[in-house]
Protein chains: 2
Amino acid sequence: MATMADVAREAKVSVATVSRLLNNKGTVSPETAARVFAAIEKLDYEPNLLARNFRRNESRVILLLSPNVTNPYYSRILAGIGDAGAEVGYSALIYNTGDDRERERAALEMLKKRRADGAILMSSSMDCGWLLEYAERFPIVQCSEYGPDVDIPHVSIDNYKATQEAMEYLIALGHRRIATISAENEYISTRLRLDAYCDTLVKNDIAVNEAYIAYASRDYSFKSGKARARELLSVTPRPTAIFCISDTLALGAITAAKEMGYRVPEDVTVIGFDDVEHTTMLHPYITTVAQPCYELGRQAAQLLFSVIMHNTVPQRQVILEHRLIVRESSGPPPELG
Amino acid sequence: MATMADVAREAKVSVATVSRLLNNKGTVSPETAARVFAAIEKLDYEPNLLARNFRRNESRVILLLSPNVTNPYYSRILAGIGDAGAEVGYSALIYNTGDDRERERAALEMLKKRRADGAILMSSSMDCGWLLEYAERFPIVQCSEYGPDVDIPHVSIDNYKATQEAMEYLIALGHRRIATISAENEYISTRLRLDAYCDTLVKNDIAVNEAYIAYASRDYSFKSGKARARELLSVTPRPTAIFCISDTLALGAITAAKEMGYRVPEDVTVIGFDDVEHTTMLHPYITTVAQPCYELGRQAAQLLFSVIMHNTVPQRQVILEHRLIVRESSGPPPELG
DNA sequence: CTGTTAGCGCGTTCAA
DNA sequence: TTGAACGCGCTAACAG
């Protein structure tokens, strides 16, 4: 593997000249430049990033902390970040944290060790204090989830408004007994969606019924969605609609409803959240709130690069547009249908 | 950010001693060790990986080339690789290649630039010559797909045998008019599955009917599966079973069948491949050939680390067990049912 | 058991 | 426009 010194020798110039040429710094005469390029070609020289990064004290790598790469919601965000990074010569290091504090910490330690120049957190189970400590010292951006009171740049959708729209839609359809499947996690999105669920009911003069609020597992598993839906549909009087905070939960709810002999949407309406791809693979296609996952990832990456390169961000929070997509799993309640 | 020299000064030892201690090389007396650890603690010292890797001439990073991170099949493999890497202090750099030659090449260039110590290819559209050139110079392992004649270590399932079993199962059910949805790609898995499809028919004295062989898009899209199934089900006499080389295609086939008024499995049997999670989220649950994706990833990683660290592998190819999972989308053909 | 020292390959002064 | 020389932080001889 040829080094810069080899190239310099071959081109009969100094390493400084080669370096200048490669980095477009200073000026190099066309003739010498040609000689150097010829030498690079001849020796098949590739700059050693290990050395370059060491010298420049940067890694050109960013950390991606995701609770679960396997989840299509997150994998689409990862794709967006990956593409945005590739455009500016950054690579992405993926850490599957499983929302485990220790794994998150271990990943962030890579910042101290200089393995990465910054990080994008897709979620965080660390306490805010800890997180803030890192955020003060290193470029960090949050994507989808964020600390409500910590001042870390983030990109997300407006979860409150999105839920409000979904709820208004259900109410407009005539639903009054609307249940929700939330989740046992501390995500800001979870909290905002639950808040909006309650607030929108109240705003429409519908009392919030605790029996209509269920909590699925923290990772929104299909199984827990199904189990919670089964319970909700056993409440008397039974809800005519279920607002689920993820598509997977909605799928679980639909399955539970069917197993209990209810038709969707004739007997019970189910709506989801996220719009992951496989929800339009088998009927009923799910009515859901779509998030621009890929774009969420892209923008988070751009925010991060802005911090890394200019030590500043154009805006501390970016809110992207959501979209309510009405498909087959929703309709008027049976009493009015 | 404290350096090793700072620690050495604080502990009143030389940098060599600190280095030795940190790398468990040579011997250090308990007393000095204690002093050094105290200094490390006091200064909150973290080794600079940029410097360490440079010095050791290794990056402790591996490249993951996947055609599509968003595909659950690949994301589960990625999870396996990621976990196996984390256990031995390796991080994974993910490149979404989209089966694009140039992106694959760009990713592999990272090997020359020493950004990574090795690579795992989940697929490859490069010609074998090119690929082999890299494989000769750098640690490379293939996962799931591999060049049939290039001698690169790889891990996969036995695609031929797996398909054979699936076909024998269909034939045992009584099916004679069995179609297949293959794909327009050059993957070895695609080829082997098609070969096994044909061979198993012939072995059972069933003529191979070209009209029963369809090719979906190279990325196994749901849409193309649906379109191809629609065509297959229009052939006279129509097939009573469709063997799809991916679950997504199978989902598409089921949708097409339903839209054409056929019941699955009463009128037509559909079976898939891979056993990705969401195939048991809505009925009919798909009969499929399960691949141990996570384990595929783990073993690929272990193979790669073996090459990186010892420059040798225990075995050049690892074949993992598949499993035919019979669920709801398969049954006897209508004539006999 | 410990310290001194010489690079690893590159980017960057500073002089020429 | 070019070159000589230094040093980033660390590891590994080698010497003591």
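**Entry 1: the DNA side**

I began with the surface near DNA strand D, and sorted by class it has 12 nonpolar, 10 polar and 5 charged residues. A reminder to myself: this is a predicted model. I then asked which residues are closest to DNA strand D.

**Entry 2: how chain A is divided**

I looked up the domains of chain A and noted domain 1 (4–47), domain 2 (59–157 + 293–320) and domain 3 (159–291). I also checked the C-alpha centres of domain 1 and domain 2 of chain A, and they lie 37 Å apart.

**Entry 3: strand β1 of chain A**

Here I picked one strand to follow, β1(A), which covers residues 61–66. Is β1(A) mostly covered or mostly open? I found it mostly covered, with 6 of its 6 residues buried. Val61(A), Leu63(A) and Leu65(A) point one way from the strand, while Ile62(A), Leu64(A) and Ser66(A) point the other way.

I then looked for the strands that pair with β1(A). Strand β2 (residues 91–96) of chain A pairs with β1(A) in the parallel sense, over 6 bridges. In β2(A), I found Ala92(A) as the bridge partner of Ile62(A). Strand β3 (residues 118–121) of chain A also runs parallel to β1(A), joined to it by 4 bridges. There, Leu64(A) has Ile120(A) as its bridge partner.

What do β1(A), helix α5 (residues 72–87) of chain A and β2(A) make together? I noted a right-handed β-α-β unit.

**Entry 4: where the chains meet**

I turned to chain B and found that 34 residues of chain A are in contact with 34 residues of chain B. On the chain A side, α4, α5, β2 and α11 each give two or more residues. The largest share, 7 residues, comes from α5(A). By class, I noted 16 nonpolar, 11 polar and 7 charged residues on that side.

**Entry 5: helix α10 of chain A**

Last, I looked at α10(A), residues 222–232, where Phe222(A), Ser224(A), Gly225(A), Lys226(A), Arg228(A), Ala229(A) and Leu232(A) are buried. What covers these buried residues? The cover includes β6 (178–183), β7 (213–216), β8 (241–244) and α11 (247–259) of chain A.

Definitions and conventions. Residues are numbered from 1 along each chain as its sequence is written. Chains are lettered from A and ligands numbered from 1 in the order in which they are written. This is a predicted model: local features need pLDDT of at least 70, side-chain atom pairs count only at pLDDT 80 or more; totals for chains, interfaces and linings use all residues. A residue is buried if 20 or more other C-beta atoms lie within 10 Å of its own, exposed if 12 or fewer, and partly exposed in between; C-beta atoms are placed from the backbone. Two strands pair if DSSP finds at least two bridges between them. A crossover is right-handed if, with the strands pointing away from the viewer, the path from the first strand over the helix to the second runs clockwise. A residue is near a molecule or strand if its C-beta atom, placed from the backbone, lies within 6 Å of it. Ala, Val, Leu, Ile, Met, Phe, Trp, Tyr, Cys and Pro count as nonpolar, Asp, Glu, Lys and Arg as charged, and the others, Gly among them, as polar. Domain bounds come from an automatic or database domain assignment. Two residues are in contact if their C-beta atoms, placed from the backbone, lie within 7 Å.
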